[in-house]
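Trainee: Several labels will come up when we go through this entry. Can we take them one by one and set each against its cut-off?

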Amino acid sequence: CYIVLMYKVIFCTLLSEKVTQMMEWASKRSVIRMNGDKFRRFVKAPPRNYSMVIMFTALQPQRQCGVCRQADEEFQVLANSWRYSSAFTNKVFFASVDFDEGSDVFQMLNMNSAPTFLHFPSKGKPRRSDTYELQVRGFAAEQLARWVADRTDVQIRVIRPPNYAGPLLLGFLLAVIGGLAYLRRHNLEFLFNKNVWAFSALCFVLIMTSGQMWNHIRGPPYAHKNPSTGQVSYIHGSSQAQFVAETHIVLLFNAAVTMGMVLLCEAATSDMDIGKRKIMCVAGIGLVMLFFSWLLSIFRAKYHGYPYSFLMS
Amino acid sequence: MAEHHPVSDSKHKSSLNSGASYSGNGRSSTAVAERGSNAGAGGGGLSGGLSQPAGWQSLLSFTILFLAWLAGFSSRLFAVIRFESIIHEFDPWFNYRSTHHLTTNGFYEFLNWFDERAWYPLGRIVGGTVYPGLMVTAGLIHYVLNLLHITVHIRDVCVFLAPVFSGLTSISTFLLTKELWNQGAGLLAACFIAIVPGYISRSVAGSFDNEGIAIFALQFTYYLWVKSVKTGSVFWTIGCCLSYFYMVSAWGGYVFIINLIPLHVFVLLLMQRFSRRVYIAYSTFYIIGLVLSMQIPFVGFQPIRTSEHMAAAGVFVLLQVYAFLQYLKDRLTRQEFQTLFFLGVSVAAGVVFLSVIYLTYTGCYAKIHIPIIASVSEHQPTTWVSFFFDLHILVCTFPAGLWFCIKNINDERVFVALYAISAVYFAGVMVRLMLTLTPVVCMLSAVAFSSVFEHYLGDDMKRQSPPAEDSSDEDDRKNAGNLYDKAGKVRKHVSEQEKAEEGLGPNIKSIVTMLMLMLLMMFAVHCTWVTSNAYSSPSVVLASYNHDGSRNILDDFREAYYWLRQNTDEHARVMSWWDYGYQIAGMANRTTLVDNNTWNNSHIALVGKAMSSNETAAYEIMRSLDVDYVLIIFGGVIGYSGDDINKFLWMVRIAEGEHPRDIRESDYFTPQGEFRVDKAGSPTLLNCLMYKMSYYRFGEMQLDFRTPPGFDRTRNAEIGNKDIKLKHLEEAFTSEHWLVRIYKVKKLENRDRVEHKLRSTDATKQKYTTKKVSWDFKHWTV
């Protein structure tokens, strides 16, 4: 009886000691770094009433794990959202084990890939769903938060630190422009230069019509390299998708056709030498025809079943 | 391509000379319009220097506009000719149903309409949640026609409304472009917009949707706005307000107008182009437009509450302040102080304006990530292929038109430049908004082409002595579009006076003209091809083609809806995915749980949850929602890819958004992260209600000798669960090609089944049971 009581007391003190220790660490950094010893003591050893969400990773530069770094950033976002939320308790802790600090842990868990997210529930053994399906769900902090909520009943609202780079850059740009304008305040003619305005409007329009917004939202690869033959294809085969390189090509082609049209008009209206005007005119119509038919042929290659072509098929 | 042009050329010539007696073949008619307009562009440019009787010019413009209308109308009729006069797709069915309600019960009854057949058990207040412009327009036309004893069915009015309005759109585009550039460009723009696929996609016959009439209202409002900025007269501004009111009543896209016009005024202020005309136009427009727009029940007080409308209010205040300062400037002497004050005010206003825009668009961006919005294919960003597909040559040439406009800037060209830039941004973000980009692209391309033609069709003739020019020009107009005569003539003129002028030379000119015309011809051909192949399918009736070119009509949808109409109780409740809600209400006249209105996400999620749970759980949900029938679309037999299994992941995602405890998307994937319906598929998928209903008895069916029984043609896989038993549902109807399957939900049994299993004598075990799976989970350790 005494022994049992003794055991209980030890158990309790051990548990509270561990929790205090964990809280102390968590107050220092939201993701607790663990090595083999710590892992065995605080995660594997039995008296535990808190859940652990652990990221197994390899962040050392020599490991060359680019995914690990991205995943680590997302994990930090998640852990920080939890650490600084008003609902923060000692129910869940976030920790990470680096391969170079705790390779024995990797061996113990029979793990051979990083990054991996595991959840160690406060009671019982980890089950299959305690392994995060990285391939399926990706490592966005929101997805991780849903998984954590699912496993531990702790709802974490992911708060991303606002990205100040964009507004700062914009502010800087505005300041530079304002400064320049102030320096040249006696000569603001350049603001009334129609060519500048027309050129920037055209740039914007060309960027949009060549599908850069799609690239921005979907993030396609620059080009595709066939792994077996090593051939690089710049044009995506389907009409539903595109590569970045392809949109650049299309942008150039559109610009060339536009320039051709402008040249045609310039040739007819300007009061230059007749020879130059003729050259301009021929160049203009050449640009329009050549690049339009080229564009049409690219379109035809992508849009299967399209019957028409011009100059080149 | 290039070889057969001369042949078709002569054909067009003859058809144009025969004037009114031309037949309505879509392809040739569009080419005719093109041709006519080209000549018009040349003529418009010429007429400036001539003392030409105005009669010719107006006759020519009138003819070209008429032909453009006719060409636009007839190229939208593919679906009617191939199938029949039928309402297309999904939303038009609701619009048709409401129009029908309007014509049978009257306008006030329509405004008060509470539709108890939608969103069971919630219902929907239709009168207060629709833009009534479309229904009222169709109802009015129907009323007038009936008054004249032309008795047409309201369905025919609805089917042909959009093609008729496309003609009005091309006329208002003509007017707007004429204000911006010149008449020739206007005619070209009218022809472009009549046949451009980006607009046809929303206005084929049978597509009875808001956009069909809204683009007309949009263009007309812009025309009147430009007119009122040019003249500064209250008359034009009031017209602009009325047109704006029509636009508000027709489409939610009016927000585009109420942001673009203030933006125009703001930029005019920045460019120091403030004038009394702008002040009068905008002040009148803002006040009257605001009051009028608030008359639409669905809009209500939004114009003074929501952030989208705040820019307009901000600019209004700014304009008053600016005008007041201008007034003070005449009275006061302290110039320095004033300019400083003005700068401060304008900067503050600009900051407010920009921040409002920023807030609005970040809000829009966030909305894209909600599953129900992301699940709609129209809300995707746009690839360059769709730009090219919808606009063809116009997408490459309209930047040139923009260049010319900015180079020769004036008040109204500021407007068109802003229109182009903002519309191209929105079209890039969302493929649906290509529709608002199309008109401006047509106008600017017309400007580009017209400037080229102006210089290359008639410049040499200008340098001749006036009388000769006059006659030649008249001669030219008599056979407008007669390209060959023209080219020959130009050659002749120049050979007469070779050395005198420093023109570009006839050869170059005629080559340029020929090539440009060829481009336009290719555009016309492309438009017709796209319209015929991509945008003329009603999607209610499907067609397939055999090897010999003969056609099979698959009329499964209507067959099934008709079955529902005839064989079920009048108050039966049909559960289906929201895509089919409007069609069920319109064609089968039965109560639906969710429809394309999608105003209540949680209700949709509940249906999604029922579809993605196992049969027992789904039965509870269906009992609680009083469901009598379940309708699903299954394309595995004929290889139809838009069926419910392909949409299934969206159902799961939407359900997961509301019920994360019960539905998890990852459960429906294989461990490798694939979505498969065959044996390797996830057991949760193979036992969910949607899977069971889709593939019920499909395992017994062998479609082909080369494939095993139960081979799904859409997903090219042999299904994984062939022995499907339904406990709470029974098959009620399956259409001819299995495209639509309807199940009846059984009532509760008289005697409850015993929960635990009695001694089992059944030797055959079902392969996929949840029990086995959970056992698997339990014994799995790290």
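**Labels and their cut-offs**

Trainee: Why is H149(B) called exposed?

Mentor: Its relative accessibility is 70%. Exposed means over 50% relative accessible area, buried means under 20%, and partly exposed is in between, with a 1.4 Å probe and protein chains only. H149(B) therefore counts as exposed.

Trainee: What kind of model is this, and how are the positions numbered?

Mentor: It is a predicted model, in which local features need pLDDT of at least 70 and side-chain atom pairs count only at pLDDT 80 or more, while totals for chains, interfaces and linings use all residues. Residues are numbered from 1 along each chain as its sequence is written, chains are lettered from A and ligands numbered from 1 in the order in which they are written, and side-chain values use heavy atoms, leaving out hydrogens and water.

Trainee: What makes the backbone of H149(B) worth a remark?

Mentor: Its phi is near 60°, a positive value in a residue other than glycine. Most residues other than glycine have a negative phi, and most peptide bonds are trans. H149(B) sits in the loop between α7 and α8 (154–180) of chain B. Helices are DSSP runs of H or I of at least four residues, strands are runs of E of at least two, and both are numbered from the N terminus.

Trainee: W738(B) also has a positive phi near 60°. Is W738(B) buried or exposed?

Mentor: W738(B) has 15% relative accessibility and so counts as buried. Its place is the loop between β10 and β11 of chain B.

Trainee: Which peptide bond is cis?

Mentor: The one from Y120(B) to P121(B), with omega near 0°. P121(B) is in the loop between β1 (114–115) and β2 (124–125) of chain B.

Trainee: What makes a set of residues in chain B a nonpolar surface patch?

Mentor: Patches take residues with over 30% relative accessible area and no salt bridge; nonpolar side chains (Val, Leu, Ile, Met, Phe, Trp, Tyr) are joined within 5 Å, like charges within 9 Å. A salt bridge is a side-chain nitrogen of Lys or Arg within 4 Å of a carboxyl oxygen of Asp or Glu. L140(B), Y143(B), V144(B), L147(B), L148(B) and I150(B) make such a patch, of about 610 Å². Areas come from the Shrake-Rupley method with a 1.4 Å probe, and for residues only the protein chains shown count as cover.

Trainee: How do you know that Y143(B) counts as exposed?

Mentor: Y143(B), in helix α7 (residues 133–147) of chain B, has 52% relative accessibility and therefore counts as exposed.

Trainee: L292(B) is in helix α14 (residues 276–293) of chain B. Why is L292(B) called buried?

Mentor: Its relative accessible area is 19%, so L292(B) is buried. Leaving aside residues up to four places away in sequence, L292(B) touches C241(B), L242(B) and F245(B). Contact means heavy atoms within 4.5 Å.

Trainee: What makes one face of α30(B) the buried one?

Mentor: In this helix (residues 615–624), the residues E615(B), A618(B), Y619(B), I621(B) and M622(B) are buried. Down the axis of α30(B) these buried residues fall within an arc of 165°, so they line one face of the helix. The arc is that of the directions from the helix axis to the C-beta atoms. An α-helix has 3.6 residues a turn, so residues three or four places apart point the same way.

Trainee: What does the buried side pack against, and what is on the face turned away?

Mentor: The buried residues pack against β5 (573–575), α29 (601–612), β7 (629–633), α33 (689–695), β10 (729–734) and β11 (740–745) of chain B. The face turned away carries the exposed residues E620(B) and S624(B). Just after α30(B), D626(B) takes a positive phi of about 60°.

Trainee: Where does V31(A) lie, and why is V31(A) called buried?

Mentor: V31(A) is in strand β1 (residues 31–34) of chain A. At 4% relative accessibility, V31(A) counts as buried. Its C-alpha is separated by 6.2 Å from that of A79(A), 48 residues apart along the chain.

Trainee: How much of chain B is buried?

Mentor: Buried residues make up 57% of its 782 residues. The secondary structure of chain B comes to 34 helices and 11 strands.
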